[in-house]
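Please keep the structure open while reading.

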Amino acid sequence: MRDLLRPTKLLRTGAARCLLRMAEPVAVGLKLGVPIDAGAAVRQRAEDLSRAGMPLDPVEVLTTLQLPDLVSTVLIAYALAVGPGPWVAAIGIGSNIRPTRQVALILARLLGLEKERWAQDVGDGFSFDLPLPIVVTMGAIFGLFGLVTQRLLLLGLDGSTTFVLSLSGSLAVAAWFFELIRPQLESREEYDQRQEQLESRE
């Protein structure tokens with residue numbers, strides 16, 4: 001009982017630490033010689049500490065969109081468009097999956113454009129040049145998936161916008177590097193020329 005009455009023991013208790021933290025504005029005001037309403041300062045400090053300890057509101061996290069969130073969304077969308085190659089390569093698995101090709105095929109079928117030259121090139125596995133409306137539509141699709149992924153990451157990481165931005169930047173850099181080193185798709189013209197050369201040699 002005597003030990004609890006000693007100042008050094010009292011300062012170690014959680015209640016004493018809370019009281020000291022709430023009294024910080026009063027101490028600062030006294031040091032600066034500024035008149036201060038001690039009761040109001042303590043109440044404000046208590047409210048700030050209470051809000052800091054409260055769990056994040058998922059609705060607020062998911063509906064608040066700022067510039068770092070937009071940047072993260074664009075970076076994640078790019079990484080999704082490149083595909084899973086960088087991540088499976090890290091465990092020794094090769095992958096040449098191109099989500100842009102799959103999405104282009106789906107759009108061509110939905111819009112009835114399977115006979116278009118670009119749609120045939122996509123379906124046959126050649127390199128392709130998409131018309132602008134299809135590019136815009138694909139950008140919107142990957143942007144939507146990027147936004148959903150960014151929101152889920154933000155919610156899972158307790159609203160840490162900075163960490164999500166760093167993570168999305170790392171994903172985009174890895175995707176960009178993978179896109180540089182993986183073989184590019186052959187065009188239909190290049191394939192036809194190569195086939196003619198092989199036939200002429202025979």
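Arg194 and Glu186 form a salt bridge, with their closest N and O atoms 3.0 Å apart; a salt bridge here is a side-chain nitrogen of Lys or Arg within 4 Å of a carboxyl oxygen of Asp or Glu. The model is predicted: local features need pLDDT of at least 70, side-chain atom pairs count only at pLDDT 80 or more, and totals for chains, interfaces and linings use all residues. Residues are numbered from 1 along each chain as its sequence is written, and side-chain values use heavy atoms, with hydrogens and water left out.

**Salt bridges**

- Arg194 counts as partly exposed because its relative accessibility is 36%, and Glu186 counts as partly exposed at 26%; buried means under 20% relative accessible area, exposed over 50%, and partly exposed in between (1.4 Å probe, protein chains only).
- Seven salt bridges are found in a search of the whole structure.
- Side chains of opposite charge can pair when their charged atoms come close.
- Asp121 forms a salt bridge with Arg188, and the closest N and O atoms are 2.8 Å apart.
- Asp121 lies in helix H10 and Arg188 in helix H13, so this pair ties together parts that are 67 residues apart in sequence; helices (H or I, at least four residues) and strands (E, at least two) are DSSP runs, numbered from the N terminus.
- Asp121 is buried, at a relative accessible area of 8%, and Arg188 is buried at 19%.
- Asp124 also has a salt bridge to Arg188, at 2.7 Å from N to O.
- Because Asp124 lies in helix H10 and Arg188 in helix H13, that pair ties together parts 64 residues apart in sequence.
- Asp124 is partly exposed, with a relative accessible area of 47%.
- A network of salt bridges links Arg117, Asp121, Asp124, Arg188 and Glu189.

**Nonpolar core**

- The largest nonpolar core has 14 residues; such a core is a set of buried Ala, Val, Leu, Ile, Met, Phe, Trp, Tyr and Cys residues joined through side-chain atoms within 4.5 Å.
- Helices H7 (67–82), H9 (99–110), H10 (117–124) and H11 (132–156) are the elements that give two or more residues to this core.
- H9 supplies the largest share of the core, five residues.
- The residues with the most contacts inside the core are Ala104, Trp118, Val122, Leu130, Ile134, Met138 and Phe142.
- Not counting residues up to four places away in sequence, Trp118 touches Ala104, Ala108, Leu113, Phe128, Asp129, Leu130, Pro131 and Ile134; contact means heavy atoms within 4.5 Å.
- In soluble globular proteins, nonpolar side chains tend to be buried together.

- Glu179 sits in helix H12 (residues 161–181) and counts as partly exposed at 23% relative accessibility.
- Leaving aside neighbours within four places in sequence, Glu179 is in contact with Tyr78, Val82, Arg98 and Gln184.
- The C-alpha atoms of Glu179 and Gly83 are separated by 9.4 Å, although these residues are 96 residues apart along the chain.
- Arg182 is found in the loop between H12 and helix H13 (188–201) and counts as buried at 6% relative accessibility.
- With neighbours within four places in sequence left aside, Arg182 is in contact with Val82, Asn96, Ile97 and Arg98.
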